[in-house]
Amino acid sequence: MIQRPTPPRRPKMTDTSQPSDVARETLRQLAMRRIAPTPDNYRALYHEIAGSLAEEVFPERAFKQIAAALPRHNRESLRLAREFESAISQAEWPALRAVMADAFSRTEETNLNWGNLLRDLVSEWDRRQAGLTQARKREMLDRVLTASGGNPEKLFERMQGLLRAWSRNSDEDLPGNEAADSAEAVQTFAPTPSDTTSPLCTELLAGLLDGIAAQAKLTEPDLANEAGELAGMIRQGPALAPELVRQRLDKLRARLEWSAEDQHAVRDALQRVLQLILENISELVVDDRWLHGQIALMGEMFDHPLDVRILGELENRLRDVIQRQGAIKIELNDAQTRLKDMLARFVDRLGDFTESTGEYHDKIEQCAERISSAQDITQLTDVIAEVMRETRTVQETTRRSRSELEELRTRVHDANSEITRLQVELEQTSELIRHDPLTGVLNRKGLDEALTRETALARRRGTALCVGLLDVDNFKQINDNHGHQTGDEALQHLVDVVRENVRPQDSVARYGGEEFVVLLPDTLLDSAVATMVRLQRALTKRFFLTRQQKLLITFSAGVAEMHDGEAPEEALDRADKAMYIAKRSGKNRVIAAT
Ligand SMILES: Nc1nc2c(ncn2[C@@H]2O[C@H](COP(=O)(O)OP(=O)(O)OP(=O)(O)O)[C@@H](O)[C@H]2O)c(=O)[nH]1
């Protein structure tokens with residue numbers, strides 16, 4: 001026998017006098033009847049169990065779609081659309097009803113008024129008005145027609161304005177103060193600042209923005225793009241989003257002001273840099289390599305668009321190079337003078353030696369003559385004694401000269417090595433003075449300068465500035481297990497990853513052994529924390545490879561946003577404290593300083 005499935009029995013209802021019981025029962029029934037638990041099914045079942053009527057649901061989504069399609073060409077339609085949206089967001093039928101009634105009554109009003117408006121306008125056209133010729137009236141009407149851009153509501157509004165202006169100036173009822181009224185008429189009629197549909201204003205404004213875009217293209221591409229985009233928007237029809245255009249124009253004006261201030265600072269800094277270069281070039285007397293160093297620096301400077309940060313750094317670099325080169329130059333001159341003295345003594349010694357050996361030869365020749373003319377043995381004995389004495393003297397001179405020459409040779413060799421060392425140091429000075437020799441990032445001195453520069457810029461521009469201080473986790477273990485050289489390479493790897501993952505305007509500095517600072521201009525605290533976390537992620541993606549072994553480098557970091565009027569050292573101190581909290585709470589994390 002085929003077993004028919006038993007239809008789901010209506011289960012015994014629990015007490016459903018309380019809404020919470022109804023809700024519980026609804027869920028139970030949904031599960032038992034295997035009905036999909038959608039909001040609509042839940043609602044229907046709830047009312048079935050409660051024995052109530054389903055309330056009419058407010059169709060918010062559908063209304064929002066309607067709101068999105070509403071026209072917003074003028075102030076009036078924009079206001080209505082906003083009121084409509086507000087009624088939707090409150091899900092209120094009465095409010096929605098009021099907005100709709102308002103909108104319809106306005107349409108009716110507008111329709112009714114067209115006839116009256118035209119009649120009044122025609123009669124004002126025929127009347128005589130102070131200071132308004134027919135030609136002037138035609139010109140005014142033309143402008144109203146053009147400025148309305150085919151928008152009937154706008155045209156209606158403007159025609160009413162025109163009518164008011166004409167009627168106030170009519171001869172019949174012209175009050176005593178004609179001049180003021182006349183001025184008011186023109187003012188009433190004159191395009192308002194938001195009247196961007198006036199073709200002349202539009203083109204002037206757009207042309208001005210194009211000019212700004214062209215000028216800023218090379219030095220500030222972002223600003224140039226913004227000006228270009230705004231020009232485009234204004235040409236397309238700014239009446240579509242007048243508020244947005246106004247806000248963007250306002251921001252652009254503020255940026256142009258900053259840019260002008262920057263240009264000023266750039267010019268001053270450039271002047272100081274050039275003065276320093278000139279001072280330095282006039283000092284160049286010993287080695288042309290110095291000159292090449294300076295020229296390379298200038299080349300570097302003019303390779304980038306002039307920027308206060310670059311100029312500030314170059315100025316400081318040059319100042320340092322000049323100072324250091326000055327000191328090295330003195331040492332180098334000293335060493336060269338000593339070398340010259342020694343060579344002079346060497347030449348003297350050689351002369352003495354040649355002289356004494358020359359005398360010896362003369363003496364020996366004389367002795368040889370006396371030997372050949374000697375008559376007896378006594379005479380010969382005297383000559384031999386003299387030969388012996390002269391030979392001993394010359395031997396003594398030769399020995400002394402030899403040891404003196406040996407000593408001179410060693411000292412010349414030492415002086416030469418010293419000169420080579422100083423020259424190498426001289427070449428490296430420009431590079432190393434503000435940069436850490438191991439990793440190439442800024443050292444403490446470089447960091448101090450970057451902090452001073454960025455703090456001043458942030459204050460002037462009213463932008464945020466953050467410092468992130470990171471300390472490598474368990475670095476001692478890397479050194480102990482793999483050697484100091486590997487430890488050094490691990491630090492270089494860390495710096496490579498950090499530099500690749502921060503913006504060009506961010507600065508990276510070595511703060512201590514395995515501690516680094518990242519300086520983040522124009523960045524709020526949350527974004528700075530996010531940046532440090534991004535660096536941590538980047539390090540987990542790029543392992544450090546040493547002898548075919550992958551090492552994961554992690555760090556703990558503290559981040560502080562510079563407070564108003566706070567000294568950079570205090571912000572660093574707060575970041576340091578936050579970093580220690582990160583270490584104590586398990587390492588490999590980023591903590592925002594309070
Ligand atoms: N290879 C190398 N090691 C360095 C350098 N500077 C500092 N160190 C070493 O870094 C180690 C830091 O050790 P600790 O201060 O105990 O820090 P840590 O092992 O990272 O421990 P935590 O910070 O608590 O995670 C010391 O052994 C320093 O000698 C460097 O330039 N190269």
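**Entry 1: strands 2 and 3.** I opened this predicted model at strand 2 and strand 3, which pair in the antiparallel sense over 4 bridges.

Entry 2: Next I checked the helices. Helix 15, residues 444-461, packs on the sheet and touches strand 1, strand 2 and strand 3. I noted an angle of about 20 degrees between the direction of helix 15 and that of strand 3. Helix 18, residues 525-541, also packs on the sheet, with strand 1, strand 3, strand 6 and strand 7 as the strands it touches. Its direction makes about 165 degrees with that of strand 6.

Entry 3: In what order do the strands lie? I read 2-3-1-6-7 for the 5 strands of this open sheet, and the pairing is mixed. Strand 2 (507-510) and strand 7 (590-592) are at the edges; each has a single partner strand, so one side of each is left without a neighbour in the sheet. I also wrote down the twist, which averages 20 degrees from one strand to the next.

**Entry 4: strand 1 and its partners.** I then followed strand 1, residues 465-472. On one side I counted 7 bridges to strand 3 (residues 515-521), running antiparallel. Here Cys 466 has Leu 520 as its bridge partner in strand 3. Strand 1 also pairs with strand 6 (residues 555-561), again in the antiparallel sense and over 7 bridges. For that pairing I noted Gly 468, which stands opposite Val 559 in strand 6.

**Entry 5: buried or exposed?** I asked this of the residues of strand 1. Strand 1 turned out mostly covered, with 8 of its 8 residues buried. I sorted them by direction: Leu 465, Val 467, Leu 469 and Asp 471 point one way, while Cys 466, Gly 468, Leu 470 and Val 472 point the other way. Both sets are buried.

**Entry 6: around the ligand.** How many residues surround the ligand? I found 16, the closest being Asp 473, Phe 475, Lys 476, Gly 487 and Gly 513. Then I asked which elements each supply at least two residues of the shell. They are strand 1, helix 16 (475-482) and helix 17 (484-500). Helix 17 gives the most, with 4 residues.

**Entry 7: the make-up of the shell.** Last, I sorted the shell around the ligand by class. I got 7 charged, 5 polar and 4 nonpolar residues.

Technical notes
Residues are numbered from 1 along each chain as its sequence is written. This is a predicted model: local features need pLDDT of at least 70, side-chain atom pairs count only at pLDDT 80 or more; totals for chains, interfaces and linings use all residues. A residue is buried if 20 or more other C-beta atoms lie within 10 Å of its own, exposed if 12 or fewer, and partly exposed in between; C-beta atoms are placed from the backbone. Two strands pair if DSSP finds at least two bridges between them. A residue is near a molecule or strand if its C-beta atom, placed from the backbone, lies within 6 Å of it. Ala, Val, Leu, Ile, Met, Phe, Trp, Tyr, Cys and Pro count as nonpolar, Asp, Glu, Lys and Arg as charged, and the others, Gly among them, as polar. Axes are lines fitted to C-alpha atoms, for helices over the stretch in contact, and angles run from 0 to 180 degrees between N-to-C directions. Two residues are in contact if their C-beta atoms, placed from the backbone, lie within 7 Å.
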